[in-house]
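Here are a few notes to read alongside the model.

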Amino acid sequence: MKKLATSSTVLDKSLSYINYAILILLCLSILLPILNVLALAFNEGTDAAKGGIYFWPREFTFGNFAEVFKESNIINGFIISMFRTVVGTILSVLLTAMAAYALKNRSMPGHKQITFIIFFTMLFSGGMIPYYIVLKSLSLTNSIWVYVLPALYSVWNMMIMRSFFEQIPDGLEEAARIDGCGDFAIFMRIVVPVSKPVFAAIALFNAVGHWNDWFTGAFYVRDSSLKPLSTVLQEMLTKQKALADTLTNVTNAIQLDMAQKITVTGTSLKMATIIIVITPILIVYPLLQKYFAQGVMIGSIKE
């Protein structure tokens with residue numbers, strides 16, 4: 001028995017060491033590329049183009065970030081991105097949760113039909129042109145609300161929230177009804193307070209989606225003052241690439257003269273842009289991490 005216990009203990013320790021090693025390798029595979037991006041973002045572009053920079057800048061500079069912030073619309077784009085992220089996330093989470101709570105009630109008239117119609121929208125899409133026509137007919141194109149209103153509902157998020165709400169004991173709602181609460185009061189006073197994990201998870205999904213979305217601003221908005229940060233930075237990188245392509249066609253003398261004056265490159269600007277875009281999310285994530293870790297486990301454990 002002692003030999004079996006000892007061998008079992010040795011096996012457990014060996015498996016633990018293997019798990020630790022795998023987790024360390026996974027962490028390094030995520031951390032090292034980020035360190036490389038940081039090093040390139042804070043290194044002079046022309047020097048970085050020579051190669052040999054991995055996790056620490058060789059010629060430290062803030063010039064790449066200064067070049068990015070020279071874009072006239074960068075601050076306005078940041079404000080637009082903040083507006084759409086905050087307003088869009090709050091409205092989307094609240095309205096999606098209300099819809100999910102309604103779908104949770106299987107005694108609701110037409111429950112199966114409504115659920116099928118909502119789920120059906122996950123399987124098929126009308127395509128970009130019909131979508132643009134709908135936005136145009138609703139006067140949403142070239143409007144700040146094109147970022148918020150079309151993204152108010154997500155069927156996938158709705159199903160996740162409904163799954164979570166179904167785990168809430170029915171006794172809580174029954175006790176609230178006895179006290180005279182209606183559906184809306186039960187939702188706000190009972191469901192919302194006990195659903196912080198799923199609210200945090202869905203809020204983070206929505207916030208990241210809003211913050212990183214450049215496509216909407218590029219295709220459905222013409223007014224440069226209404227374009228979000230991601231779109232402004234994407235257009236700036238496109239212009240920089242076009243400029244780099246132009247420089248390859250000039251004479252060597254002119255190219256050499258310009259190279260002596262320019263210390264940034266398309267790659268260094270791209271790395272600085274990545275840091276600017278991901279920093280707000282990196283700041284917000286630790287605040288929601290505790291609830292997010294619980295929220296992503298929704299549906300994986302059934303009692």
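1. Let's start with the salt bridges: the structure, which is a predicted model, holds five of them. The points below go through some of these, including the one between K104 and E173.

2. Have a look at K104 and E173 together. Their closest N and O atoms sit 2.4 Å apart. K104 belongs to helix α4, while E173 is part of helix α8 (residues 170–178), so this pair ties together parts that are 69 residues apart in sequence. Buried or exposed, what are K104 and E173? Both of them are buried.

3. Next, R162 and E166. These two form a salt bridge as well, with 3.9 Å between the closest N and O atoms; the cut-off is 4 Å, so the pair counts. As for accessibility, R162 has a relative accessible area of 16% and is therefore buried. E166 comes out at 34%, so it counts as partly exposed.

4. K227 and E235 make another salt bridge, and here the closest N and O atoms are 2.7 Å apart. K227 is buried, at 11% relative accessibility. E235, on the other hand, has a relative accessible area of 25%, which makes it partly exposed. The reasoning is simple: buried means under 20%, and exposed means over 50%.

5. Now back to helix α4, which spans residues 74–104 and also holds R84. How accessible is R84? Its relative accessibility is 3%, so R84 counts as buried.

6. What does the side chain of R84 make polar contacts with? One partner is the side chain of D213, at 3.0 Å, and another is the side chain of H210, at 3.4 Å. If you set aside residues up to four places away in sequence, R84 touches T89, Y147, V148 and P228 as well as H210 and D213.

7. Last, take a look at N157. You'll find this residue in helix α7, which covers residues 155–165. With a relative accessible area of 9%, N157 is buried. Which residues is N157 in contact with, leaving aside its neighbours within four places in sequence? They are T96, I202, F205 and N206.

Terms used:
Residues numbered from 1 in each chain as written. Predicted model: local features only at pLDDT ≥ 70, side-chain atom pairs only at ≥ 80, totals over all residues. Heavy atoms only, no water. Helix = DSSP H or I, 4+ residues; strand = E, 2+ residues; numbered from the N terminus. Buried < 20%, exposed > 50% of the residue type's maximum accessible area, 1.4 Å probe, protein only. Polar contact = N/O pair within 3.5 Å; in protein donor to acceptor, adjacent residues only side chain to side chain. Contact = heavy atoms within 4.5 Å. Salt bridge = Lys/Arg side-chain N within 4 Å of Asp/Glu carboxyl O.
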